[in-house]
Each structure stands twice: as structure tokens, then as C-alpha cells.
Amino acid sequence: MLLRIGEKIINRQKIHQIIDEMLDMRSQGLSQQEVANRVGIDRTVISKLETVGEVRKGGRVALVGFPIKNCEELRIMAKQEGVDYSLLMSEQERWDFVQKKTGVDFFNAIMEIISTLRNYDIVILLGSNMRIKLIETLLDKDVIGIQIGASPIAEDKYVDPAIIRDIVRQLYGSQGA
């Protein structure tokens, strides 16, 4: 948790703790200036931190995930909550997708999916740590990654719909779309 920067020793845990406290105070309704006064930093630091971590509310949302055990349950929830696009696959569906295509057809299908996802403001991705990083890089946009296992994931994973519902509702800024 300690990091040397030049002559300084930095305590990462302390930084994370202070940021968490600041965000908690802001979510409770305190102004940036009030939080800055309590923490003892400049208000602009809080503003810049919020800007760095901002995920826009509203906009078009896509939900992508594999391998998912409860795909249909998540599809229904996503539709009810106003998610614009869902691509959820079980492990078997994922293998079928790969094996039923020629190399060129598979490549084209993947490129089409990437192109489609680039049309959405926010992508919620349910997958392995490796897949989340890859999609963040490919899309170069807001990706909310929910890690369901370490790569490679070879069996279906259950994803609690309530967790996804809460994220979607926060994105839309309401209790449902």
C-alpha cells in the first residue's frame, strides 16, 4: 500500500479512504466546498476527481455478458428497466456462436458487435477481468465492468439481477425507466 515517489512515501490506502469519505459526503448532499473544508483540500480537487470518475446519467445503455447462467432472467429485467440493447450468452451459446461460423463470418460478426456497442453511451459488461479490460480498450467509452470470474471462465455464472437493476436505475437517475 506504500508507494515511493521521489523523496515521498505515499500511503495509497489513506488516499482511497479519503476519496471514499469525500464521495460519501457528496452523495449525502454536501457541496464540494463543504466537503473540501471538512477534508482540508481545495474544492477544485473534488471537482476534478468527480469529473474523472463521472459516468453520465441517461443516454443509451447496452448490457453484454458471458457466460451467464440466468440469461433470460437478465434479459427480462433489462427490458423492464429500459436497457436499449442486450447481448447475453451462456457458455453453450457462446460456443455455438463460435463454432457455427467460418473464420471470416466470425470475424465479421465480432466487428459488427463492436460497431453496435460503440453506438451506446454506456456499456455494462458482465465477464472476466480480461474481457472487461479488452472491451474498455476497444470501445474507448464508459464501460461498467462487473467481474464474474477470472479469465478464462469456462462455466456459466449466475448474476444477481438486483445488482444490474440498481446500476441501470442509477444510470437513468430514477427508480425505473
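At what angle do the axes of helix H1 and helix H3 cross? In this predicted model, the answer is roughly 90°, with the axes of H1 (residues 12-27) and H3 (residues 43-53) coming within 12 Å. Here an axis is a line fitted to C-alpha atoms, for helices over the stretch in contact, and angles run from 0 to 180 degrees between N-to-C directions. On the H1 side the contact (heavy atoms within 4.5 Å) is made by Ile-19, Met-22 and Arg-26, and on the H3 side by Ile-46, Leu-49 and Glu-50. Sorted by type, these residues come out as four nonpolar, no polar and two charged. For that sorting, Ala, Val, Leu, Ile, Met, Phe, Trp, Tyr, Cys and Pro are nonpolar, Asp, Glu, Lys and Arg are charged, and the others, Gly among them, are polar.

A few ground rules apply: the model is predicted, so local features need pLDDT of at least 70 and side-chain atom pairs count only at pLDDT 80 or more, whereas totals for chains, interfaces and linings use all residues. Residues are numbered from 1 along each chain as its sequence is written, and side-chain values use heavy atoms, leaving out hydrogens and water. Helices (H or I, at least four residues) and strands (E, at least two) are DSSP runs, numbered from the N terminus.

Next comes the sheet. Four strands line up in the order E4-E3-E5-E6 to form an open sheet with parallel pairing, where two strands pair if DSSP finds at least two bridges between them. Strand E4 (85-88) and strand E6 (142-149) sit at the edges, each pairing on one side only. From one strand to the next, the twist averages 10°. E3 (residues 61-65) and E4 run parallel and are joined by four bridges, and Leu-63 stands opposite Ser-86 in E4. Helix H4 (residues 71-80) lies across E3, E4 and strand E5 (122-128), running at about 175° to E4.

Two residues deserve a look. Val-83, in the loop between H4 and E4, counts as buried at 11% relative accessibility; buried means under 20% relative accessible area, exposed over 50%, and partly exposed in between (1.4 Å probe, protein chains only). Not counting residues up to four places away in sequence, Val-83 touches Val-61, Ala-62, Leu-63, Ala-78, Val-168 and Tyr-172. Arg-94, found in helix H5 (residues 91-99), is also buried, with a relative accessible area of 17%.
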